[in-house]
Amino acid sequence: MGRMILCRAGKASVPYYVHDLGLHLYTAEELCYYIYNNLFLLNEDFLGEPLFRFIGEELKLKRLEEKVRALAKGGEFTAALLEILKDICYYNEQELEEFKKRCEKLKRSKPYEVLKNRGDYMAGQKKYKKALWYYDRILNSRNQKEIPASYLGKVWYNKGACYAGIFSPQEAASCFIKAYGLLKDDSILKELYLLSRMWPEAGEIKLLEAVPSKQQYDWTEEFDSLKARSLSQGKPLEAQIACQKDRMRRKAAVEEVLSRWKKEYRDME
Amino acid sequence: MKGLILGIDLCDDYSQVGHFDTEIMDAVSMELEEEESGCLIPTVLCKRKGQDQWFIGEEAYRCALNGDGIMVDKLVSLVEQGGMAMIEGRSYEAEKLLERYIAQLLLVPLNRFKSQQIEKIVFSLRELNPVLMDSLIRLMGRLGFKREQIKIIGHTECFLYYVISQQKEIWQNESCLFDLSEDGLNYYELKVTRGRKPQLVEVAHQRLEEGFSLEILESVSGGKMADKILTECGKRLLDKKLVSSVFLTGQGFGTTQWADGFLKFVCNKRRVFAGQNLFAKGAAYVAFDSMQETSSYPYICLCEGRIRSTVYLEAEYEGRKRQIILASAGTNWYEAKAVVELIVDQTDNLELFVATVGSSQLVKLVVPLGDFPARPPKTTRIEVIVAFVKEDSMMVRVIDKGFGDLFAASGREVKQYFHI
């Protein structure tokens, strides 16, 4: 059944900055939402001075600040998060139970699973460089032998997709090749082929030499059709609209589009 | 003494100034020195020809009669109509003229009490016209007053506060007021419902068709006719009612010699008071009371200009369902405004509930929020603004505020008017 929740009065003048996501939290409700939906991004570092100050001084929840400080000091990470959620009453009992279960599951997760989840989340948010950082932590870890090959293959694949996202075709191709080596999945060959068509600077990919001509022909057709379709949507369309403005407005429109794209690119950091 | 606490009755023909004296804890009325009309100060403004010198009241009349100046009268209705006045070839906005008038009028109490400042002013108006009220607030701002120093109420409310500031015997049963002025004959009736807590004090107002021009009182035959009209009127209105007191005010009751028959009727088993300062004093009582932390009048007061219903919504706070009052019955509509921020959780509607005094029925009002962007549950913060455009007409505005950096605000809003 639907309901309304009365907002708490406090709105921070100095918000809490979530470095990973590059966003600010201003209210108690936003803090709860962030904790509840980004549990796998959080670790003990989250329970630090900036958070305590935000809760106590900005949200004016002094008692909660003291409780969280005490729990953090005792190393009770999950209990501290739960205390925040309970005190602010943004989530109901049922939702808190579900959160507890997720906390338990997270505790049982292997470290590389936690890292991959964080990387995948960042990639989903188009924070490609942050995602790469998490994937590299898995791929550079000393305990790689513990990680199943198929799991590593997925990490390489995701890493390749992130490189493609930041317009680094050579690195992307290299990651896809490693992923293919571990997963032997033909769809990765197709990705490689499309990558090489889109960015010839990706270099010659020897793996593709073994792909039958008929298959390559089909993929080429698919690539051409994708390319044609993409010209009338998304960014190409935005650019077209800006360029079609009359002489007086064109410059401003193009500058606006470019500055937006630049911002998007910077936000991928 | 700190600043002065004033009640100003501002009418089209005359104005009056009341002052709340904190030493005797009572309201007193004031008059212009050298005035011939007692506490009634004509609402007129006169500019001396060729000079930037302005007069108000009787002095303005004198200046105009001597041919030394150009006079503007009916300042209140001129403001209500958003009019202008042409003086010496220059056009003046009505609001600016009223500002000059009030600025001069305020000098009366300031000079009388040799005071430097005014702490609170309550204006009393015959009718709560929104155009006039907005103008008054604007011009008082220009005169250096903060919004919270100014309050505007109607004659009905002034009468209510005047009466309940008197000894209880006077309003043991019903109380009535006859206001006879050039504007017509107005009748007010005050009732107290004692069987509930807080007690309910209600004033009904009627503008009577029996009103007549005060000029007829200048002749004996005219006075007799007026007395007859008024007596009939009194019999009709007071018949079979338990009335403890009758108040007579307005320029028509400046003298009551013409109203023998009427007085004989109303004085029978009732206490009768005649005077010219009831509204200004009532406003002064309100001025003093509104400065106190808790009101000295523990009643729900219902009258023209006051909301008859309590409007609330239900929302969760700290895990418990609560009623959030947006407007309380008995609040002056002009001052009834509420702003709350809510988080929407799996609903497309904002529901408000209206509980009207004297009715057991609860009315549900629905504001649809379907046009707001679809977001995950609990990630849409809305600002709900409730204000009134009349005592029975409520405006609800809902603005999408997004959810911080997590979900940007769309800037969309819904605005609806409800008759309550």
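What do the side chains of Glu30(A) and Arg381(B) meet in?

Some ground rules before the solution. This is a predicted model, in which local features need pLDDT of at least 70 and side-chain atom pairs count only at pLDDT 80 or more, while totals for chains, interfaces and linings use all residues. Residues are numbered from 1 along each chain as its sequence is written, chains are lettered from A and ligands numbered from 1 in the order in which they are written, and side-chain values use heavy atoms, with hydrogens and water left out.

**Solution**

- Start with the distance: N to O is 3.7 Å for Glu30(A) and Arg381(B), and the two side chains meet in a salt bridge.
- Now place the partners. Glu30(A) sits in helix H1 of chain A and Arg381(B) in strand E23 (residues 380-390) of chain B, so this pair joins two chains. (Helices are DSSP runs of H or I with at least four residues, strands are runs of E with at least two, and both are numbered from the N terminus.)
- Then check burial, where buried means under 20% relative accessible area, exposed over 50%, and partly exposed in between (1.4 Å probe, protein chains only). Glu30(A) is buried at 0%, and Arg381(B) is buried too, at 4%.
- As background, side chains of opposite charge can pair when their charged atoms come close.

**Exercise: describe the interface of chain A and chain B.**

- Count contacts, meaning heavy atoms within 4.5 Å: 21 residues of chain A touch 29 residues of chain B.
- Look at the area. The two chains bury about 2200 Å² between them, 62% of it on carbon and sulfur atoms. On the chain A side, Arg3(A), Met4(A) and Leu6(A) lose the most area, together 35% of what that side buries. (Buried area is the accessible area, with a 1.4 Å probe, that two parts lose on being put together, summed over both.)
- Tally the polar links: there are 5 salt bridges between the chains, and 10 residue pairs are in polar contact across the interface, both residues at pLDDT 80 or more. (A polar contact is a pair of N or O atoms within 3.5 Å; within protein, one must be able to donate a hydrogen and the other to accept it, and residues adjacent in sequence count only if both atoms are side-chain atoms.)
- See which elements of chain A take part: strand E1 (3-6), strand E3 (23-27) and helix H1 (28-37) each give two or more residues. E3(A) gives the most, with 5 residues.
- Sort that side by residue type: 11 nonpolar, 4 polar and 6 charged. (Ala, Val, Leu, Ile, Met, Phe, Trp, Tyr, Cys and Pro count as nonpolar, Asp, Glu, Lys and Arg as charged, and the others, Gly among them, as polar.)

**Exercise: find the strand of chain B that E1(A) pairs with.**

- Strands pair if DSSP finds at least two bridges between them.
- E1(A) pairs with strand E20 (residues 337-345) of chain B, in the antiparallel sense and over 4 bridges.
- For a landmark, Met4(A) stands opposite Val344(B) in E20(B).

**Exercise: sort out two salt bridges that each stay within one chain.**

- For scale, a search of the whole structure finds 41 salt bridges over all chains.
- In chain A, Asp120(A) and Lys116(A) meet at 2.7 Å, N to O. Both lie in helix H6 (residues 111-124), 4 residues apart, about one turn of the helix. Asp120(A) is partly exposed at 26%, whereas Lys116(A) is buried at 11%.
- In chain B, Arg100(B) and Asp52(B) meet at 4.0 Å, N to O. Arg100(B) is in helix H3 (residues 94-112) and Asp52(B) in the loop between strand E5 (45-48) and strand E6 (54-56), so the pair ties together parts that are 48 residues apart in sequence. Arg100(B) counts as partly exposed at 32%, Asp52(B) as exposed at 61%.

**Exercise: locate Asp289(B) and decide whether it is buried or exposed.**

- Asp289(B) belongs to helix H8 (residues 278-290) of chain B.
- At 9% relative accessibility, Asp289(B) counts as buried.
- Setting aside neighbours within four places in sequence, Asp289(B) is in contact with Ser295(B), Ser296(B) and Tyr297(B).
- Asp289(B) and Phe20(B) are 269 residues apart in sequence, yet 10.0 Å apart in space, C-alpha to C-alpha.
- For context, 53% of the 420 residues in chain B are buried.
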